[in-house]
Amino acid sequence: MWIDLAITMVKIIFILSITVGFFAPILTWVERKQSAIMQDRIGANRADIMGFTALGLFHIMADGLKMFTKEDFIPQGANKALHTLSPIVALIPAIATFAVVPFGGQYTLWGKEVSMVISDLDVGILFVFAISSIATYGYVVAGWSSNNNWSLLGAMRTASQMISYEVAMGLTIIGVLMVFGSMQLTEIGAAQETGYWGFILQPFGFLMFFTAAIAENKRVPFDAPEAESELVAGYFTEYSGLKFGMFFMAEFIEMVTIGAIMTILFFGAWHIPFLTTADLLSMFDFLGDDFSNLVVMFLHIGVFFGKVTFFIFVQMIIRWTLPRFRYDQIMKLGWKVLLPASLLNVVGTGIWILFF
Amino acid sequence: MGYYVDRNVKMTWWERSYIPEILRGMMITSRHFFRNLFGFVPFFLGKKKDREIFTVYYPEETMQFPIAYRGRPVLALNEDNLPNCVACGLCEIACPAYCIDIIPGENSGKQNKVERYPVKFSIDYAICIFCGFCEEACPEEAIFMSDQYDITMLDRKKMKYEMDQLLVPVADLKDRMDFCRKMYGKWNY
């Protein structure tokens, strides 16, 4: 019992350190640097320690220090309690979704079955959707409690956009669930071992899920809730210091979440194409039973986070390539295109499963 | 000149499906990204880069301005280590911002070769508008626009430069002098 608890603690610490500790800070740098290189600029490179800049990586520390020491401003007329609460409500679900995200398969280490997921729920994918839609409250309450017109407009847009795209996102997933016959993320991941990855079986489902997921994350081209040129900064206009940092962190962690969910559902989770776990185990057979399992485990975790990094890269490219959709275009795409198309996708998948 | 924007452009089915056009845009941005990311490799092999990054690291590097650029006005110091200025006051009159202040003195024989010389000559760069009228008005080729533009300091009073700060050896101003002779000679005052 104690050993199970210890293993779970190690997994929790690993996930927290890789999302909050690694991806969230590094992505602030990646976003600035990648956009700069893409646009033939140089990007952040001024923060230095003893004249050593490390490609601008010290900007992460500088930003963190700035956010910690900045004045925490609450505007007059704002609801103080809700204003303080909402960044927490926005950030916690983003981290909590990782509880069911598997980042590796099952391995036998020294006579113990170790599964690379913190909590292997039967309804895994539903848990992810349920928890991540709680974050909507954070954004809406943040906009409403700031006592600012721009914030309120941003909050309204957030609410309508999130609700519209949640429907489409849920429906695009159903095709995948039908193909793999399970809602458990570990099972969906394990089912793709043979090389029939989700995006081969569900190409339209993949495209629609990607679109809806970017819209859920409120990033450009769907950044109407925080549109800089229209609404200053949308729902977090009145936030400063670490509260602003929490909204920012939530956005970046959600990017990681989307990358992880997409990897599991459509891109073969932790598997290397055409190499099953048994193949890998026999490849590292000379190390002994336990150590070969260990090596394969680390390889799978590396492959998984490599794929996640690739999807974050793609999201960044999309963010710095496309212009913002108009509000009516967002609604039109959500209700008139994605919703019927995802329903058709469900029907088509059903027919395909029935006859083949 | 009326210009009509046709807002009812008929898009082809290919364009209306969005995805190919989005992929095309992403191809362009990724091409720039990878070319700039790995651009240093052919650069070290002696090949010229396809497209340079135009950014100038400002305080360390500065841009080379064309000779027609009007930076801060400076006074020319001739070969005899004396200012060319004869304190005629034409630049003071020409100045639209009244930033030039001259106190003339009568030559006792050692200050200059002509009758008058500037006892005091100051230009307040906080007021100067960098129009170049003083240079145009000067009959003695004594005042020139240089290519320095970054006159920044914490105290506004320090922006008033006195004569010893303004003097620049005439050798440094040779290009600008040639340019002025060409340009103002063309107009035949």
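**Figure 1. The buried residues of helix α1 of chain A, in a predicted model.** Let's start with the residues of α1(A) that count as buried: A:Lys11, A:Thr19, A:Phe23, A:Ala24, A:Leu27, A:Glu31, A:Lys33, A:Gln34, A:Ala36, A:Ile37 and A:Met38. Their cover includes three helices of chain A, namely α3 (80-96), α10 (241-266) and α12 (289-319). Helix α2 (19-37) of chain B is also part of that cover. If you are wondering about the spacing along the helix, an α-helix has 3.6 residues a turn, so residues three or four places apart point the same way.

**Figure 2. Length and bend of α1(A).** This helix takes in residues 2-38 of chain A, 37 residues in total. At 1.5 Å a residue they should span 54 Å, and the end C-alpha atoms lie 50 Å apart, which agrees. Look for A:Phe23, where α1(A) bends by about 30°. A proline, A:Pro25, follows within four residues of that bend. A:Phe23 is also one of the buried residues of the helix. After α1(A) comes A:Asp40, which has a positive phi, near 60°.

**Figure 3. A:Glu226 and its surroundings.** You will find A:Glu226 in the loop that links α8 (203-216) and α9 (228-231) of chain A. A:Gly245 is 19 residues from A:Glu226 along the chain, and their C-alpha atoms are separated by 15 Å.

**Figure 4. Chain A as the setting for the views above.** The chain has 13 helices and two strands. Its radius of gyration is 21 Å, close to the 21 Å that the globule rule gives for 356 residues, so chain A is as compact as a globular protein of that length. Along the principal axes, the C-alpha trace spans about 65 × 60 × 45 Å. Buried residues make up 41% of the 356 in this chain. Of the contacts in chain A between residues at least 6 apart in sequence, 78% join residues at least 24 apart.

**Figure 5. Strand pairing around β3 of chain B.** Strand β3 (residues 116-124) runs antiparallel to strand β2 (residues 100-106), and seven bridges join the two. Within this pairing, B:Asp101 has B:Ser122 of β3(B) as its bridge partner. β3(B) also pairs with strand β5 (residues 160-161), again in the antiparallel sense, over two bridges.

**Figure 6. Chain B and its contact with chain A.** Chain B contains seven helices and six strands. From the N terminus on, its elements follow the order α-α-α-β-α-β-β-α-β-β-α-β-α. Of its 189 residues, 17% count as buried. Contacts in chain B with a separation of 6 or more come to 71% from residues 24 or more positions apart. Where the chains meet, 14 residues of chain B are in contact with 12 residues of chain A. On the chain B side, these residues divide into seven nonpolar, six polar and one charged.

Key: Residues numbered from 1 in each chain as written. Chains lettered and ligands numbered in written order. Predicted model: local features only at pLDDT ≥ 70, side-chain atom pairs only at ≥ 80, totals over all residues. Pairing = 2+ DSSP bridges. Contact = placed C-beta atoms within 7 Å. Nonpolar A, V, L, I, M, F, W, Y, C, P; charged D, E, K, R; others polar. Rg over C-alpha atoms; globule rule 2.2 N^0.38 Å. Buried ≥ 20, exposed ≤ 12 C-beta atoms within 10 Å, placed from the backbone. Expected span 1.5 Å × (residues − 1). Bend = angle between axes of the 7 residues up to and from the residue.
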